[in-house]
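Notebook open, structure up on the screen.

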Amino acid sequence: MAEIRRFPLSPALQRAMTLLSDPPSDPQVSRGYLDLLDGAGEVVAQQNTGAIQKLWASSFGSMFYDNAQALARRLLEAWQHPIDWLEVPAGGVALDVGCGPGSITASLAQAVGPDGLALGIDVSEPMLARAVRVQAGSQAGFLRADAQRLPLREKTVDAVVSIAVLQLIPDPAAALGEMARVLKPGGRIALMVPTAGSASRLWQLLPKAGARVFDDDEIADTLEREGFTSVRVKNFGTIQWVRAKRD
């Protein structure tokens, strides 16, 4: 009988296991991230499909994403950087939903300090492979999981950030509800999404490409329904930043 090779959990993933609502008995970490969508019998929630999704799922797409993040960082200079605004407490837990190659997760790891934890969650294996190779460390760990069903227990996270990912999720309202569920009272959230204002209705009539845009009030209204307060919205052309606090 062939011997089963087991891979050790990094310090960051060891701590992540304590935060999971249903921690696996045999964690799949052979690729450096904890894969929660690769278990036997796992039912994966619906994912968007289309040209854009295929791009992000490819190795080329993970490199292309870097250019998109560079643009996002330039836009950040026009408004306070979300990580500064999040005020993540030293030793706290920060969550990056749709982490891509992990650059924002790494910034969160610096913010939480040596006793804290920054978790990046994504469904894309090429993205996570890049994140692990470049950004993983004792304070930063990565999980393959679905944003529509976050694997964390309620009220376990001090701050959530999600940059340019909600438009790729079939049910963005469900994802926002999950972010609200895992945030502690008083926790903060920062989101970036594409917006087209009233023209977003026309976008929905176009052939499906695997992504959407939001109208000016859509994200803010959803957050308020989920119990968030101090909701603030700022538009930069077709990009919208939304910030809020968990009541």
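I looked up the partners of strand β2 first. β2 and strand β5 (residues 157-163) pair in the parallel sense over three bridges; I count two strands as paired if DSSP finds at least two bridges between them. On this side, Asp96 stands opposite Val161 in β5.

Caveat for myself: this is a predicted model, where local features need pLDDT of at least 70, side-chain atom pairs count only at pLDDT 80 or more, and totals for chains, interfaces and linings use all residues. Residues are numbered from 1 along each chain as its sequence is written, and side-chain values use heavy atoms, with hydrogens and water left out.

Next, β3 (residues 117-122). It pairs with β2 in the parallel sense over five bridges, and Val93 stands opposite Leu117. Helices (H or I, at least four residues) and strands (E, at least two) are DSSP runs, numbered from the N terminus.

Is β2 buried or exposed? Five of the five residues in β2 (93-97) are buried, meaning under 20% relative accessible area, with exposed over 50% and partly exposed in between (1.4 Å probe, protein chains only). I checked both faces: Val93, Leu95 and Val97 lie on one side, Ala94 and Asp96 on the other, and both are covered. In a regular strand the side chains alternate between the two faces of the sheet.

Then I followed the chain. β2, helix α5 (residues 103-112) and β3 make a right-handed β-α-β unit: with the strands pointing away from the viewer, the path from the first strand over the helix to the second runs clockwise. Seven of the 10 residues of α5 are buried, among them Ile104, Leu108 and Val112. Just after α5, I noted Gly113 with a positive phi of about 80°.
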